[in-house]
Structure formats: structure tokens, C-alpha cells
Amino acid sequence: MMFKRIVRTFALTSLFALTAHTANAQDLLARQAPIDRRAKALDTMVISRLRESEEVEEPASELYNDWNNNYVHRGGNLPDVYKIDLRGFHMPTPSRVITSNFGRRWGRRHLGMDIKVYIGDTIRAAFSGKVRVVKYDANGYGKYVVIRHNNGLETIYGHLSKQLVSINQTVRAGQPIALGGNTGRSTGSHLHFETRLAGVALNPALFFDFAHQDVTGDYYVFHKSTLAQESEQATAARGTSSSLGYSRENIQGTRGQSSSTRQEKAYNTDFSNHTPRTEATSSNGQIIYHSVKEGETIESIAELYGVTIDKLCRLNRLGRYTKVDKGWILKISK
């Protein structure tokens, strides 16, 4: 009997001790909770600052393999789906006139969009980011600038008359980065504007509506599988119009130029319309632009305009037996 009483007393004592210990532990945990929350908040802040610092040093590093100041196109890790933040944008130019669309042109791929500007017009950064390339390409872009942005895009600005930024410089959206020009492989003053994701050229019309000086939304979700279809839809909605003339009110940089200078520069390179158009050449001849229709060949097009096949191929840098596709734009010299 005495033994049972001792066991019962010991059990009760142990239970009270365990209960008191558990209560103390709970009190300790309760007191520790605010400290843990503050520590977690501090960790989050530190991680956020480290991420911001990394973005300044190398924007969108998760998409690109390296930071290189030599090559205009840098391949990267192109995802199947990627959400691009278009907020905080600035239009690169106030010009609303698109002179050439993204896509096939003269039998070649045109990987950007041409916007009519005049020599000396201010060109601005489309988004905040870091300047990766500032170079000159005599046979292509002329004087050009490449900027990598935190949203994953790289923007390329070509045919400039002057570059106002240097490599590795951090720029804000809307900051002047260059002046419009006519350098490199260009037939008149304009801005060649490209948007690329992990090195892949995307139609700028997917993001920018130059006619309304706005972006297409707060975000654009890139889907690799539907890109071609969406690009065509964007061009149809926001590409060039069929107007032959330019509105001076819609293009900056016309003030102070003589009427003859304006007339000389107001060439038309809107190749989206199926009606052939002409422009004067330096030899007082004419350049006609022909949009290839279903079933047409180089031979039939040459015969239609009364020019030799060799001349047509030379003018468009095509082989004699190249198969031309519907929608291609060919130059014909009369």
C-alpha cells in the first residue's frame, strides 16, 4: 500500500513537472515568435537588397548566360513561358509613324520595327536597365545601342547619328540615350528598334503601340508555342498604315529644316500594303515595291515588270532559283 502511494506521488510530481516544463516551453516559444518574425523580415530585406544589387550589376541574369559588351545578340535560356513587366515604360520616340514592320521584307527577315525620325531627334530608353553595347556597324545597324532591362528584354536602337551613353552605364526609362540618324545600312533617317528575349527577336508591336504612344498592357506573357501567331496579330493591329505621306505633327525634329530637306527625307517604306508603290531613285528612275502573290515566281514577276531575272535577283539579293513566298516584298527597278 505504501509502495502504491509512493508511485502515485511520484507520478503526480512528474506530471506536474512535465506540465510546468511544457508551459515554460510554450511561454518561451511565444516570447520568441516576435523575434523570429523580425529575423525573417530582416532576412527577406537582405535577400531583396541582394537581388536588387544583382539586377543593377547584371539585369535579368536568370535568362542570360553572361554579360558581354561585344556581341549585339546574346543567346540565353529562353523559357517556354515568361511574364514580361511593361510598367514603368517610356516610348523611345514620340514619332507615331511606322515605316517598316517586323517580319519578311525584300525576301529577308526584318527583325525589328522602323520608326520615322529625323537626324538629331532624341531617342530615349524604353525601360530602365543597363547599357550592354555601344558600337558602330557599317554594313548593318550603323551606330547602335543595346540595353538589357530588368524585365528580361533587350532593346536595340539602330542607325543613330550619335550615341549619348557608354557601356555598363545604368539608365532610367525615358533617359536620352542617342540621337536619330541615317548611319549604316539605311536608305533614310529612321530608328531601327528591336526587342529581344534571351537573344530571340520578338515583334516590338507585341509590346509597343507607337500610333497611340503606349504599351499594350501592364504585362505581356510570352508563350513560345503561340509567338508566330501573336506576332502576326500584333502587326495587323499596330503595324504600318497604307498612308503614303507623313504627318509633320506626328514626327519630331522637323522644325528648322528647309522644305527641300523635308521632301528629300520624307521617303515612304511602308511595305505592308499589297499595292505597289514607287519612290524616286538617284538616277531619276523609279523603285517599285511588289508584294508577292500566291503562285508567283521570280520569272513571272520579272516578266510582269519587264525587267531581267538577273536584275531582279541582284536588286533583292536572291538566287536565280529562289522560291519566293506569298507576302514577300521585292524591289523592282524601272
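1. A quick word on confidence to start: the protein averages a pLDDT of 77, and 68% of the residues score at least 70. pLDDT is the predictor's confidence in each residue, from 0 to 100. This is a predicted model, in which local features need pLDDT of at least 70 and side-chain atom pairs count only at pLDDT 80 or more, while totals for chains, interfaces and linings use all residues. Residues are numbered from 1 along each chain as its sequence is written, and side-chain values use heavy atoms, leaving out hydrogens and water.

2. Please take care with residues 241-284, where pLDDT stays under 50. The model has 87 contacts beyond four places in sequence for that stretch (contact means heavy atoms within 4.5 Å). Where pLDDT is low, the predicted coordinates should not be read in detail.

3. The largest nonpolar core has 39 residues, and Ile-84, Tyr-157, Ile-177, Phe-207 and Phe-208 have the most contacts inside it. Such a core is a set of buried Ala, Val, Leu, Ile, Met, Phe, Trp, Tyr and Cys residues joined through side-chain atoms within 4.5 Å; buried means under 20% relative accessible area (1.4 Å probe, protein chains only). A second, separate core of 15 residues includes Ile-298, Val-307, Ile-309 and Trp-328.

4. Phe-207 is worth a look: leaving aside residues up to four places away in sequence, its contacts include Ile-84, Leu-153, Asp-214 and Tyr-220.

5. Finally, an open antiparallel sheet of three strands runs in the order S6-S12-S10 (strands are DSSP E runs of at least two residues, numbered from the N terminus; two strands pair if DSSP finds at least two bridges between them). S6 (122-124) and S10 (162-163) each have a single partner strand, so one side of each lacks a neighbour in the sheet. Two bridges join S10 to S12, and Gln-163 has Ala-178 in S12 as its bridge partner.

Technical notes:
Buried means under 20% relative accessible area, exposed over 50%, partly exposed in between (1.4 Å probe, protein chains only). Helices (H or I, at least four residues) and strands (E, at least two) are DSSP runs, numbered from the N terminus.
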